[in-house]
Amino acid sequence: MLGRLGPALKATLLTSRGYELYRPTHLERTILRSVWEDWFRSDIERFAKVYGTNRRALAEVPQWARADVLAQSLWRYGVPEQWDTGRQGLGVTGLNEIESEPTYSDLIAFICAGLPELRYLELGVSVGKNLFQIARNCPSARIVGLDIERINPVLSEALGKEFTPGPALSAQTVDTLSGVQTEVQLQTFSADNITYVRGDQFRSETWAAMKPDRFNFVFSDAHHSGHALLTELDFLLDHGLIDTSGAFMMYWDDLVDIQMQDAFDRCARRLREVFGRGWHGLHWIHGTYSSRRLNGLFSTEPPPSPA
Ligand SMILES: C[S@@+](CC[C@H](N)C(=O)[O-])C[C@H]1O[C@@H](n2cnc3c(N)ncnc32)[C@H](O)[C@@H]1O
């Protein structure tokens, strides 16, 4: 539809008017109406509480990624090198910095704090900077995190928990940053209300290890590809891991390109079919340790109306 308009018109005219082109034929007005601000405005006291809790939580952890842990990791926990060399660009939040601007962790924690009986699943825990903030805001919630890496010892220390390993489930051969494949043991590690699943998101048995949990909030932030987004939703639904009996929300980080945005749109439409209701949209927001990015939210409940 927009092919004939030309790239200059798409890039300048449309974006300057607050439109986001997220599929070849889909235009969404996202920039001028910042949906995350609407959520915060809907309950300013809850926002203040979450914001304060998150900044205090982050102040507790002086170093998220220790050199020895990164050296033994498969993918550096998804943490870019400049964050431990001190070479930080303008507008980029380093791993240990505390960001004053609202971040997606603030938004997720804000929404989660309003969900009765939160059952939270984070796909891609990394060093745990976001998961830690959710745990601090929602101490009685059921929290499950999945990552191909071992649990970051800094995260377990910050949580003050000793994680008990479950039985070794199966060996998974996975790619690594070095290009050499390695074997990872699918295994769960539990402490009180929190379970860490170490495994590959592309294997069905990884999702089977999360049963019998059924989640009402899922944060998708593991393998950043359209294929990963589509297959993870298949696995979630096939294994009955989504609670379809009440309110449900799913959040996607880093919808950087058309493939990711297209996959987000498909996932959200599929969820709308499953629930028979729902709403989804894109918005720009700061990351927990990176600059502003385009993120997506699906909610069975209507978004708060703008103030
Ligand atoms: C961007 S980081 C997650 C950041 C984290 N959610 C936060 O906000 O603090 C992505 C994580 O996904 C994990 N990951 C990448 N591929 C994966 C796979 N195939 N299975 C499971 N985890 C994977 C990486 O190890 C990395 O730690």
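Ile 108 touches Ile 134, Phe 219 and Tyr 251, residues up to four places away in sequence being left out; two residues are in contact if their C-beta atoms, placed from the backbone, lie within 7 Å. The model is predicted: local features need pLDDT of at least 70, side-chain atom pairs count only at pLDDT 80 or more, and totals for chains, interfaces and linings use all residues. Residues are numbered from 1 along each chain as its sequence is written.

Ile 108 and Ile 134 have the most contacts inside the largest nonpolar core, which has 69 residues. Such a core is a set of buried Ala, Val, Leu, Ile, Met, Phe, Trp, Tyr and Cys residues joined through C-beta atoms within 7 Å. A residue is buried if 20 or more other C-beta atoms lie within 10 Å of its own, exposed if 12 or fewer, and partly exposed in between, with C-beta atoms placed from the backbone. Helix H6 (residues 104–113) supplies the largest share of this core, seven residues. Helices (H or I, at least four residues) and strands (E, at least two) are DSSP runs, numbered from the N terminus.

The protein chain contains 11 helices and 12 strands. Buried residues account for 37% of its 307 residues. Among contacts between residues at least 6 apart in sequence, 69% join residues at least 24 apart.

Helix H7 is mostly covered, with eight of its nine residues buried; Asn 130 and Ile 134 are among them. The buried residues of H7 pack against helix H3 (44–59), H6, strand E3 (119–123), E4, helix H8 (153–159) and strand E8 (194–198).

Strand E3 is largely enclosed by the rest of the structure, because five of its five residues are buried. Arg 119, Leu 121 and Leu 123 lie on one side of E3, and Tyr 120 and Glu 122 on the other, so that both faces are covered. In a regular strand the side chains alternate between the two faces of the sheet. E3 and E4 run parallel and are joined by five bridges; strands pair if DSSP finds at least two bridges between them. Within this pairing, Leu 121 stands opposite Val 144 in E4.

The shell around the ligand consists of 20 residues, of which Gly 78, Gly 124, Ser 126, Asn 130 and Gln 201 come nearest. A residue is near a molecule or strand if its C-beta atom, placed from the backbone, lies within 6 Å of it. Helix H7 (129–137) and strand E4 (142–147) are the elements that give two or more residues to this shell. The shell divides into seven nonpolar, seven polar and six charged residues. Ala, Val, Leu, Ile, Met, Phe, Trp, Tyr, Cys and Pro count as nonpolar, Asp, Glu, Lys and Arg as charged, and the others, Gly among them, as polar.

Ser 126 lies in the loop between E3 and H7 and has a positive phi near 55° although other than glycine. Ser 126 counts as buried, with 26 C-beta neighbours inside 10 Å. Glu 117, in the loop between H6 and E3, also has a positive phi, of about 50°, but is exposed, with 10 other C-beta atoms within 10 Å. The peptide bond from Lys 211 to Pro 212 is cis, with omega near 5°. Pro 212 is found in the loop between helix H9 (204–208) and strand E9 (217–220).
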